[in-house]
Amino acid sequence: MNQESISQSIAIVHPITLSHGRNAEVWDTDGKRYIDFVGGIGVLNLGHCNPAVVEAIQAQATRLTHYAFNAAPHGPYLELMERLSAFVPVSYPVAGMLTNSGAEAAENALKVARGATGKRAIIAFDGGFHGRTLATLNLNGKVAPYKQRVGELPGPVYHLPYPSADTGVTCEQALKAMDRLFSVELAVEDVAAFIFEPVQGEGGFLALDPAFAQALRRFCDERGILIIIDEIQSGFGRTGQRFAFPRLGIEPDLLLLAKSIAGGMPLGAVVGRQDLMAALPKGGLGGTYSGNPIACAAALASLAQMSDENLATWGERQAQAIVSRVERWKAQYPFIGRLTGVGAMRGIEFVNTDGSPAPAYLAKVLEAARNKGLLLMPSGKARHIIRLLAPLTIEAEVLEEGLDLLEQCLAALN
């Protein structure tokens with residue numbers, strides 16, 4: 001298909017054109033079948049064309065396709081926010097707003113943080129990814145390709161090392177870096193919020209050190225600083241439970257949601273403490289398409305399937321299959337490094353003999369896998385980590401088939 005009308009600034013990972021999909025399988029316009037370990041980059045935790053989601057979309061499309069909630073409320077928005085408030089595992093009453101995307105959720109969280117605290121500075125972390133809008137670009141802990149050639153970004157935003165067993169940065173090192181930041185560059189009294197992913201997505205499925213998260217929570221509570229947790233990719237069951245932040249032993253003040261919230265429909269949300277979400281004046285939050293009725297109906301159908309039992313079962317099954325394979329591969333193939341992440345949110349690192357990142361190996365596997373009928377997604381600062389995002393609902397035999405294809409690609413490199 002001719003792509004001359006498509007901006008050449010959009011990078012395409014897989015040069016194919018998809019036609020249709022079912023759960024963890026997709027087909028291109030030539031009729032070739034692929035096992036999908038990309039899942040729309042974490043959007044399709046419940047698979048392609050989930051029957052309950054499709055039914056909800058079709059039913060809602062016959063009743064109301066759109067209304068701007070800030071003009072007149074509609075039922076799907078009201079019901080979804082009630083359900084979301086009960087779904088988020090925190091000890092305080094929750095309020096929030098719906099958005100069109102994760103980046104829009106992040107931008108609105110920044111507005112709320114500023115409005116609630118009267119402060120402007122935000123602290124983010126190396127390797128983080130929060131979107132492609134101007135404000136979220138500034139939050140990202142990576143320059144290329146997102147910040148190149150766009151000039152001055154909204155601020156002020158500062159970055160700290162991301163403490164994780166996967167990065168080699170310890171809790172103590174990150175706390176020392178924070179001390180330096182506040183003694184050299186920034187007055188702590190000017191900080192509105194910290195923002196981080198409990199498991200970095202674009203960064204390579206790197207899990208935050210719980211000890212650091214707990215130390216940060218204490219630090220922020222003592223100084224009136226908010227914590228914004230970005231669960232756009234790690235949420236809705238990807239780590240084997242509703243969200244990843246309970247693993248850290250803390251609660252967020254504001255929580256960012258999107259991706260698998262609505263079974264493939266464009267929807268996001270920012271939710272948090274009720275007093276914070278009421279900090280801006282009337283009209284300070286909202287949007288024309290935010291919380292579209294059809295997207296809300298899809299989200300309600302998605303949440304209905306995300307019981308704790310289902311999420312734990314799906315996550316454990318996928319994690320066991322991946323971990324057992326990768327442990328064997330590490331013993332067989334010297335270019336396989338760490339297995340990053342938690343639950344079903346896993347990354348496979350490719351390294352050179354000296355342990356340095358090996359993006360060339362990953363690139364070869366990416367192409368070979370596609371030729372065999374398996375779609376994979378790169379991640380990591382050097383694009384040297386394959387991130388596995390198969391639908392949680394993938395059939396056991398399809399998951400094993402996909403891992404078999406990946407193993408064949410690895411064997412061909414050895």
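A salt bridge is taken here as a side-chain nitrogen of Lys or Arg within 4 Å of a carboxyl oxygen of Asp or Glu. By this rule the count comes to 15 salt bridges. The structure is a predicted model.

The protein is divided into two domains. Domain 1 comprises residues 18-50 and 308-412, and domain 2 comprises residues 52-306. Their C-alpha centres lie 26 Å apart. Domain 1 contributes 34 residues to the contact, and domain 2 contributes 33 residues.

Arg387 forms a salt bridge with Glu202, with the closest N and O atoms 3.2 Å apart. This pair links distant parts of the chain. Arg387 belongs to strand S17 (residues 385-388), whereas Glu202 sits in the loop between strand S8 (199-200) and strand S9 (206-207). The two residues are 185 residues apart. Arg387 counts as buried because its relative accessibility is 3%, under the 20% limit. Glu202 is buried as well, with a relative accessible area of 15%.

Asp253 forms a salt bridge with Arg217, and the closest N and O atoms are 2.9 Å apart. Asp253 lies in the loop between strand S10 (226-230) and strand S11 (254-257), and Arg217 lies in helix H7 (residues 210-223), so the pair ties together parts that are 36 residues apart in sequence. Asp253 is buried at 5% relative accessibility. Arg217 is buried at 10%.

Arg33 forms a salt bridge with Glu25, where the closest N and O atoms are 2.6 Å apart.

An α-helix has 3.6 residues a turn, so residues three or four places apart point the same way.

Val112 is found in helix H4 (residues 102-117). Val112 counts as buried because its relative accessibility is 1%, under the 20% limit. Leaving aside residues up to four places away in sequence, Val112 touches Leu254, Leu276, Met277, Leu280 and Leu285. Val112 and Val38 are 74 residues apart in sequence, and their C-alpha atoms are 32 Å apart in space.

Gly286 and Thr99 are 187 residues apart in sequence, yet their C-alpha atoms are 7.9 Å apart in space. Gly286 is found in the loop between helix H8 (274-277) and helix H9 (293-305). At 39% relative accessibility, Gly286 counts as partly exposed.

A nonpolar patch on the surface is formed by Ile6, Ile10 and Ile12. Together these residues have about 280 Å² of accessible area. Ile10 is found in the segment before strand S1 (18-22).

Technical notes. Residues numbered from 1 in each chain as written. Predicted model: local features only at pLDDT ≥ 70, side-chain atom pairs only at ≥ 80, totals over all residues. Heavy atoms only, no water. Patch = residues over 30% accessible without salt bridge, like charges linked within 9 Å, V, L, I, M, F, W, Y side chains within 5 Å. Areas by Shrake-Rupley, 256 points an atom, 1.4 Å probe, with all protein chains shown as cover. Helix = DSSP H or I, 4+ residues; strand = E, 2+ residues; numbered from the N terminus. Domains from an automatic or database assignment. Contact = heavy atoms within 4.5 Å. Buried < 20%, exposed > 50% of the residue type's maximum accessible area, 1.4 Å probe, protein only.
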